Amino acid sequence: MQWLRMMKIAAFSVLPIAVLSSLENAHAQSANMVLNGNFDNGNAAWEEPGWWAGGTGDSGVDALGRHCTTVTTLGTDDWGAQLRQFGKTYVTGGLYRVNLRAWSTTPISLQLGASEESTGFVWVFGSNFEVDAPLDGEGQEIELNFMADADADNNGIFRILMGGGAVPLGETVCFDDITMINLDGNGAEPLAAAVQVNQVGYLPKGYKRAAFALAEDDTDTDTPRPWALMQGGLTVATGSTVPHSNTPDRASGDVVHNIDFSFYEQAGEDYTLTVYDNDTTLTSEAFDLSYELYSEMKYDALSYFYHNRSGTPILAEVVGETWARPVGHAGDSAVETIECLQGSEGCYTVDASGGWYDAGDQGKYVVNGGISVWTMLNQYERTRFQGRTLDDFADGTMQLPEEERTNGMSDLLDEARWEIEWFFKMQVPLGRPNAGAVYHKMHDLNWTGLPTAPHEDPETRYVHPVSTAATLNVAAVGAQCFRVYRRFDFPFALECLIRAKAAYHAAKTMPIALAPTISNGGGAYWDTDVSDEFYWAATELFLSTGQQRFADDMIASPIHGVGDAVRGSFMSWLDTGTLGVISMATVGDHNYFASEQMTQNARSLITTMAEVFSNNVANEAYGTPFSVTRYPWGSNSNVVSNMIVMALANDFSCGDVFADSLLQSADYLFGRNPLGKSYVSGYGEAALQNPHHRFWANAANSAFPIVPAGALSGGPNSAIEDPISASLFGCPAQRCYVDDIEAYSVNEVAINWNASLAWITAYLDEYAHRLEKGKPGRWCH
C-alpha cells in the first residue's frame, strides 16, 4: 500500500468515532481556545458569548442545546453562511486540535479553518470534513489536526463555512461540544532521559557510538555525563558523554550527547552502557561486540521474498510449520483485465500467477517489483566485481525449495528469477494492442481485512492497464537479467533481452501511458514523470548490448551525469535514474561497451552523493544519512538506500572512508534512535513485532503467525496517514512511529525495502570479516 506516499501530505486528519474513543487524549488538560463551545448560554447563536453566525441561513440554538443553521439562500460563496469566533491567537508552526460533534439532515462537506483578516485575508489553517449523521441521532465526532501557516495576535478568526451550496437549500446542520486546543506546551509529561544503542551490536574493531538523550525538562545541556560500559556486572570501560548540540535536534526533539567507545575492541555478549545523570542511573538495552552480527541477517532479509511468493505453497521444510501455507491466489493463472469489469475495450484474460506479494497487501506491482529485482541483481553484480566472494549466495546457501538449492545457480538469482518470470506474464503478447508493453499491476477489487491468508482471499482480482513506467521497468531489468544469467542459463537470459527490447520499443512508440489511478483494493504506484525510467532502461540496454541507439538515448537524457540528484531523491520505485548510474559504476569497467570515462563519471557522481549522505550522518543527532524535518512514508527505505550509495562509494574510494557512516546508519535502524526501536524483526531487544501484513497477523488473530526474522518496517512518517498513528500528531519526525499492525502508514513492510536491507546487510557482513582479518578497503597510491 505504498501508494499513499504519493498523496499530498496534509496537516490534518479526520478520525471516526471508534478510533477517537480508543485514543489516549494526552492533551485533556489544555485550555479550550473556543468560548462557549457547548452553546449553553442564550437562545440565539449571535447572542452566545464569542460566537457570530450569519449569512444565507437561519441560525440559532435548538432545544437540545446545539447550534443549528438551516440554509435559506444558496449564495455563491462558502463564507456566505458561517459560524465564527474572533480574538484568537495563532503561531506559525503551532499545532492545534479541533474536536466537535455534528449532525446534518443530508450528507455534506464543510470547511473548518482559521484566518487573520485585520488587513486583508490571510489563511492560517483549514480543511474540509464530512458530516453524515441524522439530527435525531448521537451525532458524529470529528477531530481535525492543524499546523498554522501564519501568525495572528489576538485578532485571529475561527470559522466553519456552510455557504455556496456546501449545505443544500433547506437543509440543516448542527454543532455542539466544539473545542480547539493548542498542542504546544500543553503540560504533557516531559520525555525521560534514555541511553540508545545498536541493539544488534557493534564490530569489535569498528566505529562504536551510542546516544544519551537528555530528559526533556533537563536544562543542563552542556555538562558531560560519566558513562560505563558493563559486562556481567563488571565495568570494562568508562568515559564521558560529548554534547552533540545543546539545543533540541530538529528530527527527534531530543538534546543528544554522544557516547564513543570505539577504543574498546574486546568481542563478547550482553554488554550494556550506563550513564550517570546526577542522581539517576540509566542503562541501555543489551548488545554484542561481534563480527557475526550480520551473518544470518543477510539471509533472513532475503527469506522475506520466499515467504511472500504467490502461486506456490510455502513449504514447512523451508520456513518451518509456523509460516507454512497452501498456494496463495491460485486463480491468478486466469485473471481478467479491469476493462472486463468496466465493459470497455481491452478485455482479456491474463496469466498473472507467480511473483511476490508487494507489501502489507497481497497485490503485485511491476514497478515495485522492478526496483526490488534490480537491487538483488545489483547485489550479485557488485559482489562479483567489487566484493569478496560470491560463495555466500552460492547454490544451497539460502532457505529455498530443494530443487532451487541444487540447480547449480546462485540462490540469490533463483529468488530474483521468481519475480522476473512473473514480469514475462505481465507483458502484452504479440497480436494485441500495445504488444510488448507491460501491465502496471494486479490486485483485489476491494481491500481485504486483517488478517487474510493468501489462499483465503475472497475478493476478485484484476489486471490493470499498461503503463510506460512498468514497461520501462521490464526493459531495464530484462537487460540486467541478460548480463547476469547468461553465464548460467543462456536461453533464459536471451528471453530476458528479447523481452527487454520489445518493452523498450513499446515504450518509445506508444503514447505515454501513466499509471492507472485506481487505488481501491491496491496501491496506485502513480508516476507522472517517466524520464528517469527511460534513462535507466537505456543505460541497462546499452551495458548489455553496446548498441548505439541505446547509448544515444542514454546520453541525450537530462538525467545523464546527474542521476536523480537534481530531483531531490536518489533510489526509489518513483525515481529510478540513479539505478542506471549505479549499474554503469558497478559493471562499467568489466564491460565491453562502456568507456572508462563513462564509468568514472558514474563513480564520481555516486561518491558525490555519498559525501552528502556521510555529512548528514555526522550532523544528525542519531546519525541518519538524510537530513529533513519531515520524514516520508517508508523513511527507513531512505536509510538503507542511502547506505547502498555510501557502500558503493566506499568500494570506489581510497580506504574505507565511508565505513563509519555506514555503521552509524545501521545503528539508527537497530535501536540508536529516539524510540529505542530496532526496525528489523528478530534483531534487538526491542525489535519490530507487529508489522502491517495480512498473513503475519498474529497481533490481529492468534491463529496467524508472528513476523519472521529479517523484515524491515517502513518506519517514521511525519504525515501519519492512518488512524492509529494519527494520535501522534505533532510528533518530531523520528517519533512519528508506532509498532502496531493497524498503523499501515508507519509500520508496513515491502519488497523494495527488504531488497535494500538484504543488499546492505550482505555488504556489512563482508566488511565485518574484512575488518576482522585486518584487510581494509581499496587503497590508492
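## Starting with C68

Is C68 buried or exposed in this predicted model? C68 is buried, because its relative accessible area is 11%, and the cut-off for buried is under 20%.

A disulfide joins C68 to C174, with an S to S distance of 2.0 Å. This pair links distant parts of the chain: C68 sits in strand β3 (residues 67-71) and C174 in strand β10 (residues 172-182), 106 residues apart. The link between C68 and C174 is right-handed, with 110° about the S-S bond. C174 is buried too, at a relative accessible area of 0%.

A search of the whole structure turns up 4 disulfides. One of them connects C481 and C496, whose sulfur atoms are 2.1 Å apart. C481 belongs to helix α8 (residues 468-485) and C496 to helix α9 (residues 490-509), so this pair ties together parts that are 15 residues apart in sequence. The torsion about their S-S bond is about 55°, which makes the disulfide right-handed. C481 is buried at 0% relative accessible area, and C496 is buried at 1%.

Another disulfide joins C340 to C347, S to S 1.9 Å. Here C340 counts as buried at 18% relative accessibility, whereas C347 counts as partly exposed at 43%.

## A look at I760

Now find I760 in helix α17 (residues 751-772). I760 is buried, with a relative accessible area of 1%. Which residues is I760 in contact with, leaving aside its neighbours within four places in sequence? They are V640, M643, I644, A647 and L662.

I760 and Q379 are 381 residues apart in sequence, yet 8.7 Å apart in space, C-alpha to C-alpha.

Technical notes. Residues are numbered from 1 along each chain as its sequence is written. This is a predicted model: local features need pLDDT of at least 70, side-chain atom pairs count only at pLDDT 80 or more; totals for chains, interfaces and linings use all residues. Side-chain values use heavy atoms; hydrogens and water are left out. Helices (H or I, at least four residues) and strands (E, at least two) are DSSP runs, numbered from the N terminus. Buried means under 20% relative accessible area, exposed over 50%, partly exposed in between (1.4 Å probe, protein chains only). Contact means heavy atoms within 4.5 Å. A disulfide is a pair of cysteine sulfur atoms within 2.5 Å.
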